[in-house]
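Subject: Structure for your review

Dear colleague,

Please find below the structure that I am handing over to you. I would be grateful if you would look at it alongside the notes that come after it.

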Amino acid sequence: MDAAQAADKAGQDVVIAFGQSLKTLRVRAGMQRDELGRRLGYSASTIASFEQGRRIPPPRAIDQADKELGADNLLTVWKEPVENAQYPVFFQGMAQLEKHAIELLSYDTLVVKGLLQTEEYMRAVLALRRPVLDTEIIEQRVTARLARQEIFDRRPAPLLSFVMCESVLRRRFGGTEVLRGQLEHLLLVGQRRNVELQVMPLDSVENSGVDGPFTVVTREDGKKFLYVEAQGTSSLETDPKQAALAAARCGIIRSQALTPRESLAFIEKLLGEL
């Protein structure tokens, strides 16, 4: 087992241990799964998934379960480790930054940004990973990516800018219908007032993104971070100079790409070709 697989296994063990604690406290309280589910707004089968470590509950569900079961914070202490367990180790730092971002700038050349992916697209991409990911790990990562998309509804709304190479929008991961759903989703997200979605055409003569995909995040205190990910590893650059240069580079890339209006029209054209 390599380091990445070991880390995923450790995260899965955390989720399983939390589930066992939840079940123990539920039984101690003399409450059936359907009753706890009713109080939390979930089905009995979902509560079973939480207890069996097959699904990760959101933080607010853990808080509410602690209250309903009279657990005296025996469940709430699990919130941070359970949340971190959703993500591969190399992404945990970035996941925390996203939660406190006031601005996020990204350029992608391989796949649609996780924040923009549909559930079907997520599953298609994760299923293509080699070595093959366990089903439980795929479920955890899908849950985590969907949870991260709460950034679009956060108030005050962060400023979000996504530039994608045209090739990203043409790759049919999972088949034509998966891509169709993904393009339709991009059209909806691109209409949000705090989102700028841009396409870098393949025939563009100028493209300063030749060094590959990257993301720049600005935290609430104004500090910028540069995040780069490849081949199951990542770099989270905290040096202010490097982060500032990356933000400037992203600005240049945005100026070279199609405008947001042109980009949405371009995506509509691609959708019509499917």
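Predicted model: local features only at pLDDT ≥ 70, side-chain atom pairs only at ≥ 80, totals over all residues.

Strands. Strand E1, residues 101-108, is mostly covered, with six of its eight residues buried. E1 pairs with two strands. With strand E4 (residues 214-219) the pairing is antiparallel and extends over six bridges; within it, Ser106 has Thr215 as its bridge partner. With strand E2 (residues 159-165) E1 runs parallel, and six bridges join them.

Helices H4, H5, H6, H7 and H8 each contribute at least two lining residues. H8 provides the largest share, namely six residues.

Salt bridges. The structure holds 19 of these. One of them joins the side chains of Lys99 and Glu83, at 3.0 Å from N to O. This pair links helix H6, where Lys99 lies, to helix H5, where Glu83 lies, across 16 residues. Lys99 is partly exposed because its relative accessibility is 37%, whereas Glu83, at 15%, counts as buried.

A further salt bridge is formed by Glu139 and Arg123, whose closest N and O atoms are 2.5 Å apart. Glu139 belongs to helix H8 and Arg123 to helix H7, so this pair ties together parts that are 16 residues apart in sequence. Glu139 is partly exposed at 26%, and Arg123 is partly exposed at 29%.

The side chains of Asp153 and Arg192 also meet in a salt bridge, at 3.3 Å from N to O. Asp153 sits in the loop between H8 and E2, and Arg192 in the loop between helix H10 and strand E3, so the pair ties together parts 39 residues apart in sequence. Arg192 is partly exposed, with a relative accessible area of 32%.

Asp66 is found in helix H4, residues 59-68. Asp66 is buried yet has no salt bridge, and the nearest side chain of opposite charge, that of Arg28, is 8.3 Å away. Leaving aside neighbours within four places in sequence, Asp66 is in contact with Ala71, Asp72, Asn73, Leu74, Leu75 and Thr76.

With kind regards

Notes
Residues numbered from 1 in each chain as written. Heavy atoms only, no water. Helix = DSSP H or I, 4+ residues; strand = E, 2+ residues; numbered from the N terminus. Buried < 20%, exposed > 50% of the residue type's maximum accessible area, 1.4 Å probe, protein only. Lys, Arg positive; Asp, Glu negative; His and termini not counted. Salt bridge = Lys/Arg side-chain N within 4 Å of Asp/Glu carboxyl O. Contact = heavy atoms within 4.5 Å. Pairing = 2+ DSSP bridges.
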